[in-house]
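Please open the model in your viewer and keep the sequence panel beside it. This tour takes you from one selection to the next and tells you what to look for at each stop.

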Amino acid sequence: MTTEAHTESTEAPAAAPTGVILTDVAAVKVKALIEQEGRDDLRLRIAVQPGGCSGLRYQLFFDERSLDGDVVSDFDGVEVVVDRMSAPYLAGATIDFADRIDAQGFTIDNPNAQNSCACGDSFH
């Protein structure tokens, strides 16, 4: 029984998300935006920076750079890049794209955020 419990506990972290997740809807939108730019070397970079009303804020932008320690995930041909300093804050975060009458744009659902502000761009 101890062995089984040990096996289960070692398997659980492997199943836990280690990087960001890009939904299919967001991947299609990112791909379309990159095509509009007319470049094939761009990737979606997400970073966490100090600032915002809750202490930290998200930055999403297209980037052609590769930085030492980048965590790169591929979603149907769309690469999402997170720098090594931001990666712990974004582990398991889901990037989606909303196109509704009440909201339009990229959204981030981050299980690591303890508090967030009303604007949705800042968290703690």
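Helices and strands here are DSSP runs, numbered from the N terminus, where a helix is H or I over at least four residues and a strand is E over at least two. The model is predicted, so local features need pLDDT of at least 70 and side-chain atom pairs count only at pLDDT 80 or more, while totals for chains, interfaces and linings use all residues. Residues are numbered from 1 along each chain as its sequence is written, and side-chain values use heavy atoms, with hydrogens and water left out.

**First stop: a loop glycine**

Select Gly-19, which you will find in the loop between helix 1 (2-15) and strand 1 (21-22). Is Gly-19 buried or exposed? With a relative accessible area of 17%, Gly-19 is buried, a word that means under 20% relative accessible area, whereas exposed means over 50% and partly exposed lies in between (1.4 Å probe, protein chains only). Tyr-89 is 70 residues from Gly-19 in sequence, yet their C-alpha atoms are 9.7 Å apart in space.

**Second stop: the sheet**

Next, colour the strands, bearing in mind that two strands pair if DSSP finds at least two bridges between them. What is the order of the three strands in the open sheet? The order is 1-6-7, and the pairing is mixed. Strand 1 and strand 7 stand at the edges with a single partner strand each, so one side of each has no neighbour in the sheet. On the strand 7 side, Ile-95 stands opposite Ile-108. Strand 6 and strand 7 (residues 104-109) run antiparallel and are joined by six bridges, forming a hairpin with four residues between the two strands.

**Last stop: two rings**

Finally, show the side chains of Phe-97 and Phe-106, whose ring centres are 5.0 Å apart with planes at 70°, so the pair is edge-to-face. Rings of Phe, Tyr and Trp (its six-membered ring) pair if their centres lie within 6.5 Å, and planes under 30 degrees apart count as stacked, over 60 as edge-to-face and the rest as tilted. Phe-97 is buried at 13% relative accessible area, whereas Phe-106 counts as partly exposed at 30%.
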